[in-house]
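Have a look at the structure first, and then we'll go through it.

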Amino acid sequence: MPHSRIDLPYTRYLDPEGRPLGPLPDWVEDSTHVVGLYRAMQRTRLFDQKVIALQRTGRIGTYASSLGQEAVGAAIGTLLRADDVFLPYYRDSAAQLLRGVSMTEMLFYWGGDERGSRFQAPQAHADFPLCVPIATQALHACGVATAFKIRGEARVALVTCGDGATSKGDFLEALNVAGTWQLPVVFVVNNNQWAISVPRRIQCGAPTLAQKAIGGGFPGEQVDGNDAIAVVERLRLAIDRARHGKGPTVLECITYRLCDHTTADDATRYRSAEEVNQAWQEEPIKRLQKFLVERGWWDEKREQALVADCQAELQQAIDAYEATPAQDPQEVFEHLYASWPAALAEQREQFAERIARREGGADHE
Amino acid sequence: MNDKKYTLLEAVNLALHRAMHEDDDVVVLGEDIGVNGGVFRATLGLRDAFGFKRVIDTPLAENMIAGLSIGMAAQGLKPVMEIQFLGFIYPAMDQLVCHAARLRNRTRGRLACPLVVRSPMGAGIRAPEHHSEAVEALFAHIPGLRVVIPSSPARAYGLLLAAIDDPDPVIFLEPTRLYRMNPQPLEDDGRRLPLDSCFTLREGSDLTLVSWGASVHETLQAAAMLAERGISAEVIDVASIKPLDLDTLEASVRKTGRCVIVHEAPKTCGVGAEIAASLYERALLDLHAPIQRVTAPDIPPPLYRLEPYYLPDAGDILAACDAVLNYA
């Protein structure tokens with residue numbers, strides 16, 4: 001990390017061995033809360049591993065893993081209220097699972113089926129689908145927050161992005177308008193050090209990404225993104241400020257992308273095994289697990305039960321995914337417009353003929 | 001019926017007042033649209049009538065305005081966003097193409113984007129560089145968008161109300177050259193005009209003239225001049241550029257057998273090409289002559305001294321009509 005001349009807060013409660021570095025926030029005394037965080041993180045990692053295996057065997061398409069980012073997503077997912085709105089990027093499995101997006105829906109999405117973004121869970125009903133064009137979602141979050149503000153609703157929009165996204169105009173334009181209007185929005189930057197092959201140090205000349213908030217006229221801060229307790233504590237306060245009319249925050253979570261960018265990437269082309277091995281020493285799940293074990297809140301038996309539960313849930317989700325037939329090809333016309341324009345009816349008819357021709361052709365083989 | 005005559009600009013303003021009055025979810029946002037009432041005054045009076053929460057002066061960033069509007073629309077508001085001139089819309093393309101046009105589809109109808117993008121378009125008002133673009137074809141190419149261009153006060157009023165009602169994103173382009181031309185009586189009755197429909201402005205039997213936006217003005221002039229020569233031209237204002245009402249165009253061309261398409265946008269891949277191709281697909285054997293296009297050349301709008309040469313005028317249209325009428 002380059003030395004920062006701007007003195008921004010950096011928060012860490014646990015060292016990599018899960019040992020408290022000082023007094024902990026009060027809520028940490030509630031074991032169910034902390035164990036819940038751990039469960040969510042482990043559930044995400046097991047989901048991740050399974051999805052990658054499915055991709056490797058051709059059962060789903062390209063997938064962007066959340067390996068090493070679980071603490072950030074778990075914090076978001078546990079802190080947002082049901083009527084808040086979450087605007088994810090594409091490395092947000094942890095938060096999406098906690099928002100009630102089902103594993104089956106997530107498999108649909110990465111398995112090439114739009115139904116994966118239909119989100120049946122009530123609390124995810126106004127959430128945005130994960131966003132692929134980098135940083136564009138930051139502006140949607142400001143629009144959602146503007147709607148809350150116009151209506152006088154105590155709701156919060158929370159948007160995530162990676163370190164690379166902070167280089168884009170959309171991100172900076174979002175900070176500008178969020179600060180100008182003091183919008184109820186929280187920007188969570190998952191600084192995992194790599195934007196595909198481009199490392200943080202050549203992404204941006206500023207010592208921190210959080211300090212971009214200063215240009216927007218509101219607070220930015222850094223947090224150890226591998227320390228779930230630190231992320232929850234700082235994010236809790238940021239969400240609280242947003243909810244009570246005190247404006248936006250940028251929370252830069254320092255993590256490491258332990259995985260390839262996606263299953264289509266090979267990170268060994270641009271970074272060393274030594275660096276990755278070093279990063280594994282900091283990873284979030286082992287750290288929180290050690291903390292829980294030390295407190296007597298977790299043990300091998302509970303771990304085995306959690307893994308067994310998650311595996312069963314996963315298998316059910318995969319079965320449901322694989323048992324669901326593809327959408328009828330004519331469904332491609334169903335949701336582009338609220339109703340397909342009569343003026344374009346001919347295209348629909350021609351598409352139907354295409355389908356009939358191909359299906360007819362198959363019969364002759 | 002009151003006697004007051006309205007310009008196209010006043011008709012836009014009237015429709016905005018009406019829409020905001022009818023539906024609290026309608027919000028208007030853009031650069032200089034609030035206190036100042038818009039650089040053309042299209043949003044004049046809205047701030048006083050509906051307040052700063054619904055008439056929002058934004059920071060100066062077109063892409064931001066579009067992205068913000070998408071977020072608001074997903075929350076059930078009906079943003080009517082202004083891009084001050086069409087030549088400044090390019091930064092917003094990413095948001096409009098990747099998100100506004102696709103949000104409903106990619107969520108299988110869970111989220112929608114009932115958004116209207118208003119923007120002044122076109123050349124002919126001696127404006128500075130980058131203030132005279134006519135790039136409707138860029139948007140017509142994008143699945144999920146609608147593109148509407150009015151050519152009279154009444155159509156501006158009825159089509160804008162319909163665009164705001166529409167549950168999907170509509171690009172609504174207002175020809176600056178017509179903003180203050182030819183005021184017409186207008187009843188503020190809230191009546192919507194249909195999207196996806198052409199308007200036949202003049203019936204005729206010898207040839208079909210197809211146009212939209214500001215060029216409709218010169219097209220009607222040409223039709224009047226043809227009438228003096230005893231030639232009966234049908235004039236169709238396309239109005240809805242996407243989706244195109246091809247049925248109306250086809251029926252007219254089947255009747256007349258001859259067609260000239262007029263637009264002020266550059267020729268290559270202009271909407272005229274789409275219309276011509278579609279008419280060939282549907283009515284080739286009814287055509288007595290190749291379809292002619294009268295357009296701007298493939299150059300950027302020149303600075304204003306040469307602007308009159310850039311825009312097709314009635315004489316250019318007549319020349320194309322002669323070519324079509326005299327073909328073999």
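How many residues of chain A are in contact with chain B? The count is 33 residues of chain A against 36 residues of chain B, where contact means that C-beta atoms, placed from the backbone, lie within 7 Å. Keep in mind that this is a predicted model, in which local features need pLDDT of at least 70, side-chain atom pairs count only at pLDDT 80 or more, and totals for chains, interfaces and linings use all residues. Residues are numbered from 1 along each chain as its sequence is written, while chains are lettered from A and ligands numbered from 1 in the order in which they are written.

**Where the chains meet**

On the chain A side, the elements giving two or more residues are α5 (136-151) and α6 (169-181). Helices here are DSSP runs of H or I with at least four residues, strands are runs of E with at least two, and both are numbered from the N terminus. The largest share, ten residues, comes from α5(A). By class, that side of chain A has 18 nonpolar, ten polar and five charged residues; Ala, Val, Leu, Ile, Met, Phe, Trp, Tyr, Cys and Pro count as nonpolar, Asp, Glu, Lys and Arg as charged, and the others, Gly among them, as polar.

**Two sheets, one from each chain**

Both sheets in the table are open; strands are said to pair if DSSP finds at least two bridges between them.

| Sheet | Strand order | Pairing |
|---|---|---|
| Chain A, six strands | β1-β7-β8-β4-β3-β2 | parallel |
| Chain B, five strands | β9-β11-β10-β13-β14 | mixed |

In chain A, the sheet's edges are β1 (10-11) and β2 (85-87), each pairing on one side only. Further in, β4 (185-191) and β8 (249-254) of chain A run parallel and share six bridges, with A:Asn191 opposite A:Ile254. Helix α2 (70-79) of chain A lies across β2, β3, β4 and β8 of that chain, at about 165° to β4(A). Angles like this one run from 0 to 180 degrees between N-to-C directions, with axes fitted to C-alpha atoms, for helices over the stretch in contact.

Over in chain B, the edge strands are β9 (199-202) and β14 (292-296), and neighbouring strands are turned by 25° against each other on average, direction ignored. Four bridges link β10 (207-211) to β13 (259-266) of chain B, and the two run parallel; B:Val210 sits opposite B:Ile261. Helix α10 (271-283) of chain B lies across β10, β13 and β14, at about 155° to β13(B).

**A helix pair in chain A**

The axes of α4 (103-110) and α11 (300-323) of chain A come within 8 Å and cross at roughly 50°. That makes α4(A) oblique to α11(A), since angles under 35 degrees count as roughly parallel, over 145 as roughly antiparallel, 65 to 115 as roughly perpendicular and the rest as oblique. Residues making the contact include A:Leu107 and A:Phe108 from α4(A), and A:Leu314 and A:Ile318 from α11(A). Eight nonpolar, one polar and one charged residues make up this contact.

**Inside chain B**

Chain B is divided into domain 1 (5-185) and domain 2 (199-325), with bounds from an automatic or database domain assignment. The contact between them takes 27 residues from domain 1 of chain B and 22 from domain 2 of chain B. On the domain 1 side, α6(B) gives the largest share, four residues.

Definitions and conventions
Contact = placed C-beta atoms within 7 Å.
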